[in-house]
Amino acid sequence: MTSAVEQLDRVAPASKALGDQLGDSDWLATLRAEAASLAERLPLPDSHRERPWKYLDVSGLNLEPYRPGLGATSRGTAAALRARYRVPADGAVLLQQNSETIVAESLPDQVTVTDFAHAGEAAQALVRQHLANIVNADRSKFTALHYAYLRGGVLVHVQANAEVAAPVRIVRSYEESNQLAAPHTLIVTGANSRVTIVEDYRSSDGDILVLPVVEVVPGPGSEIRYITLHRWGANTRVFSEQRLLTDRDSAFIGLNVVTGGKVVKGHLTSSLEGRGSSSELLGVCLGADSEHIDFFTLQDHIAADTRSDLLYKAALSDHSRAVYYGLTRVGLGAHNADANQENRNLLLSKTAKADSDPVLEILTNDVIRVSHGATAGPVDEEQLYYLQTRGIRHEDAEALLVRAFLGAVLARVPSEELRDELAAIVDAKLEQS
């Protein structure tokens with residue numbers, strides 16, 4: 001077996017070869033080289049020393065089988081590809097197969113959606129300004145590997161004062177086994193704009209490793225709704241980083257919907273640096289088989305008059321497991337902060353497991369509210385019995401209660417069309433389980 005040291009020694013040459021293949025600009029080549037050097041020095045996360053990794057031991061992860069930077073294996077017209085991936089016809093869209101863009105359609109004068117490789121001069125300037133400045137390469141070994149093997153980065157740029165009606169859709173499909181994918185999403189919005197972005201991740205049942213990074217930079221007074229669909233194959237491992245850095249009076253609503261994947265681990269940070277800004281983090285997780293779903297969140301109140309809310313719910317069957325560790329931090333200057341943090345777990349089998357650890361760190365007493373809560377347990381027997389007395393079979397009654405439990409999160413999505421779409425994805429997972 002290849003040793004961990006031998007695996008790390010191969011990062012730099014593989015990273016350089018990928019950059020040469022993609023024709024990196026000088027600054028991107030420098031970023032890639034620095035990240036590769038970091039990846040060679042940084043150890044894998046330590047579950048004994050790093051609290052966010054307490055419930056997941058990755059020390060034995062073997063990087064040797066994974067090949068970075070794979071491209072598309074099939075082509076087609078934009079209409080045919082939209083139909084294949086069941087993407088609605090309206091709105092801006094970008095489709096990627098493996099790590100290569102095969103469709104990119106923007107909305108002139110409102111939204112630019114482009115991969116980094118094909119970005120125009122203005123878009124390239126935005127990428128250079130923000131890339132790796134929100135989520136740094138030294139955040140972990142996985143983020144260092146991400147920047148070393150970056151391919152298929154996508155910029156979503158919304159013009160100031162734009163009201164984008166239809167959701168912007170990014171579909172990323174990974175179909176080749178034994179690949180390492182490093183997708184990057186950079187969202188930058190102008191002042192007083194409004195946009196909804198749906199990022200849809202899919203993969204085959206092959207052995208695949210994905211290291212996504214999402215950087216969110218809202219302009220003052222803007223609102224971003226960002227929905228991530230984790231529809232991974234049975235043998236995909238995902239280690240992701242997402243960070244929001246707010247401006248004055250900006251608002252962010254982020255929803256993660258997890259319906260597949262061997263391991264889905266996400267680290268989400270909301271840095272509320274803009275006065276009057278807000279962050280809303282939502283999650284719907286359905287676990288089956290031996291799936292491991294694991295989220296660490298940080299709601300970091302830095303400026304005054306900031307607000308954060310978090311609601312993550314998981315329904316778990318078979319031997320699946322959900323882990324939630326969340327920290328709400330209220331800094332010395334975060335006067336009038338209003339923060340809430342909730343994690344609820346529904347155990348649908350005796351072998352399913354949920355670990356929940358919401359934490360508060362409050363450095364000022366000048367707050368409106370700072371609260372947290374967590375629960376884990378089976379379906380309510382009285383509610384189940386009530387439905388069965390009305391002639392509903394046990395399995396159907398349980399499914400109804402699960403839908404209602406998770407529906408409380410989906411109900412917070414403003415768009416009725418999107419709510420229906422997400423509910424259909426949840427229903428499909430429940431039927432499979």
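**Exercise 1.** In this predicted model, determine in which sense strand β4 and strand β5 pair, and over how many bridges.

*Solution.* Begin with the two stretches concerned, which are residues 111-115 for β4 and residues 154-158 for β5. These two strands pair in the antiparallel sense, and the pairing runs over 5 bridges. To place the pairing on individual residues, look at V113, which stands opposite V156 of β5. Next turn to strand β8, residues 184-189, with which β5 pairs in the parallel sense, again over 5 bridges.

**Exercise 2.** Decide whether strand β5 is largely enclosed by the rest of the structure, and state which of its residues point which way.

*Solution.* First sort the side chains by direction: V154, V156 and V158 point one way from β5, whereas L155 and H157 point the other way. Then consider burial, for which a residue must have under 20% relative accessible area. Since 5 of the 5 residues of β5 are buried, the strand is largely enclosed by the rest of the structure.

**Exercise 3.** Describe the open sheet of 10 strands by its order and its edges, and find what packs on it.

*Solution.* Read the order as β3-β2-β6-β9-β12-β14-β16-β18-β20-β22, in which the pairing is mixed. The edge strands are β3 (100-105) and β22 (367-377), each of which pairs on one side only. Neighbouring strands of this sheet are turned by 5° against each other on average, with direction ignored. Within the sheet, β18 (residues 307-316) and β20 (residues 337-347) pair in the parallel sense over 10 bridges, and L310 has Q341 in β20 as its bridge partner. Helix α8 packs on the sheet, touching β14, β16, β18 and β20, and the direction of α8 makes about 160° with that of β18.

**Exercise 4.** Work out how helix α8 is placed against helix α9, and which residues meet where the two helices touch.

*Solution.* Take the axes of α8 (residues 394-410) and α9 (residues 416-432), which come within 11 Å and cross at roughly 150°. Because angles over 145 degrees count as roughly antiparallel, α8 is roughly antiparallel to α9. The crossing of these two helices is right-handed. On the α8 side, V402, R403, L406 and L410 meet R419, L422, A423, V426, D427 and L430 of α9. By class, this contact has 7 nonpolar, no polar and 3 charged residues.

**Exercise 5.** Classify E431 as buried or exposed.

*Solution.* Locate E431 in helix α9. Its relative accessibility is 65%, so E431 counts as exposed.

Definitions and conventions. Residues are numbered from 1 along each chain as its sequence is written. This is a predicted model: local features need pLDDT of at least 70, side-chain atom pairs count only at pLDDT 80 or more; totals for chains, interfaces and linings use all residues. Side-chain values use heavy atoms; hydrogens and water are left out. Axes are lines fitted to C-alpha atoms, for helices over the stretch in contact, and angles run from 0 to 180 degrees between N-to-C directions. Helices (H or I, at least four residues) and strands (E, at least two) are DSSP runs, numbered from the N terminus. Angles under 35 degrees count as roughly parallel, over 145 as roughly antiparallel, 65 to 115 as roughly perpendicular and the rest as oblique. A crossing is left-handed if the near helix is turned anticlockwise from the far one by less than a right angle, and right-handed if clockwise. Contact means heavy atoms within 4.5 Å. Ala, Val, Leu, Ile, Met, Phe, Trp, Tyr, Cys and Pro count as nonpolar, Asp, Glu, Lys and Arg as charged, and the others, Gly among them, as polar. Two strands pair if DSSP finds at least two bridges between them. Buried means under 20% relative accessible area, exposed over 50%, partly exposed in between (1.4 Å probe, protein chains only).
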